[in-house]
Amino acid sequence: MITLYVSGPRFGLPDSSPFVSKAEVLLKLSGMPYRTAPADFGKAPKRKIPYFEDDGHRFGDSTFLRFHLEDKYGVDFDRGLSPAEKGIAWAFEKLAEDQLYWALVHARWMDKANFDKGPRAFFDAVPAPLRPIVVPLIRRSVAKSLYAQGFGRHSKEEIQRLATRTLDAIAATLGGKPWLMGAAPCGADASVWAMLAGMLCPHFDTPIRTAAEQHGNLVAYRDRGLALWFPELATAA
Ligand SMILES: N[C@@H](CCC(=O)N[C@@H](CS)C(=O)NCC(=O)O)C(=O)O
């Protein structure tokens with residue numbers, strides 16, 4: 001059975017990491033049995049979460065989980081989609097991961113109020129005397145990643161503008177459909193849903209969340225996914 005290594009539910013979300021939520025949705029969509037276990041970054045093949053294990057082999061990255069399920073178990077996440085629709089789905093998946101995700105990281109880690117009520121708790125297991133050293137160190141390394149990716153070079157207003165354009169594009173493409181590409185969820189819904197759920201998380205106050213909330217269809221999409229894949233959280237919300 002596949003083991004998915006996770007951070008765990010937090011902030012009313014299936015996982016504090018949207019990529020872990022994405023991976024769990026992929027597993028749910030696949031219908032394959034799986035279990036979850038706490039992640040250890042030291043054992044993560046790519047030093048990121050999620051990572052997963054199957055038949056004694058460990059692999060990193062949520063998209064490679066998708067490829068693994070497709071290649072080894074013949075799962076077709078894009079059943080019924082035309083080649084053009086598959087292309088659009090893939091582009092939206094990567095738009096969510098390469099744009100929305102970084103806006104989310106910026107909002108949670110660089111804004112002090114959000115950091116204090118969010119990611120700061122990741123360090124609760126670090127002995128108290130070490131926290132004043134470890135917390136700024138890790139926060140600086142996140143700032144460096146943001147700078148290397150590019151969003152760290154933008155002002156808050158510029159990030160807001162980019163994220164809003166992405167949210168508008170997703171909302172327009174989703175339209176009145178239940179899922180991104182039609183009546184059934186496809187592979188891209190795992191990513192797009194996970195990033196939107198993180199963006200709409202009421203625990204954090206961000207102008208991007210406010211922009212997302214302007215789109216009734218995005219809020220309904222988040223609620224639909226929560227009810228289908230994580231009903232325990234839907235009833236708690
Ligand atoms: N491309 C990776 C991205 C995973 C990712 O960025 N995970 C974040 C948590 S949401 C992480 O582990 N960050 C730790 C780091 O960058 O050191 C995937 O799809 O799995």
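**View 1. Composition of the shell around the ligand in the predicted model.** The residues of this shell comprise 4 nonpolar, 4 polar and 3 charged. Around the ligand stand S17, P18, F19, R47, K48, I49, P50, D61, S62, T63 and S145. Two helices, α1 (18-30) and α2 (62-73), each contribute at least two residues to the shell.

**View 2. The open sheet of 4 strands.** The strands are arranged in the order β2-β1-β3-β4, and their pairing is mixed. Because β2 (34-38) and β4 (57-60) stand at the edges with a single partner strand each, one side of each has no neighbour in the sheet. From one strand to the next, the twist averages 25 degrees. In general, strands of a sheet pair through backbone hydrogen bonds, in either a parallel or an antiparallel manner.

**View 3. The pairing of β3 with β4.** Strand β3 (residues 51-54) and β4 run antiparallel and are joined by 4 bridges. Within this view, D54 is found opposite H57 of β4.

**View 4. Helix α1 against the sheet strands.** Helix α1 lies across both β1 (2-6) and β2. Relative to β1, the helix runs at about 160 degrees.

**View 5. The contact between domain 1 and domain 2.** The protein is divided into domain 1, covering residues 2-73, and domain 2, covering residues 83-236. Their C-alpha centres lie 18 Å apart. In this contact, 12 residues of domain 1 meet 19 residues of domain 2. On the side of domain 1 that touches domain 2, α1 gives the most, with 7 residues. The residues of that side of domain 1 divide into 7 nonpolar, 2 polar and 3 charged.

Note on methods
Residues are numbered from 1 along each chain as its sequence is written. This is a predicted model: local features need pLDDT of at least 70, side-chain atom pairs count only at pLDDT 80 or more; totals for chains, interfaces and linings use all residues. A residue is near a molecule or strand if its C-beta atom, placed from the backbone, lies within 6 Å of it. Ala, Val, Leu, Ile, Met, Phe, Trp, Tyr, Cys and Pro count as nonpolar, Asp, Glu, Lys and Arg as charged, and the others, Gly among them, as polar. Two strands pair if DSSP finds at least two bridges between them. Axes are lines fitted to C-alpha atoms, for helices over the stretch in contact, and angles run from 0 to 180 degrees between N-to-C directions. Two residues are in contact if their C-beta atoms, placed from the backbone, lie within 7 Å. Domain bounds come from an automatic or database domain assignment.
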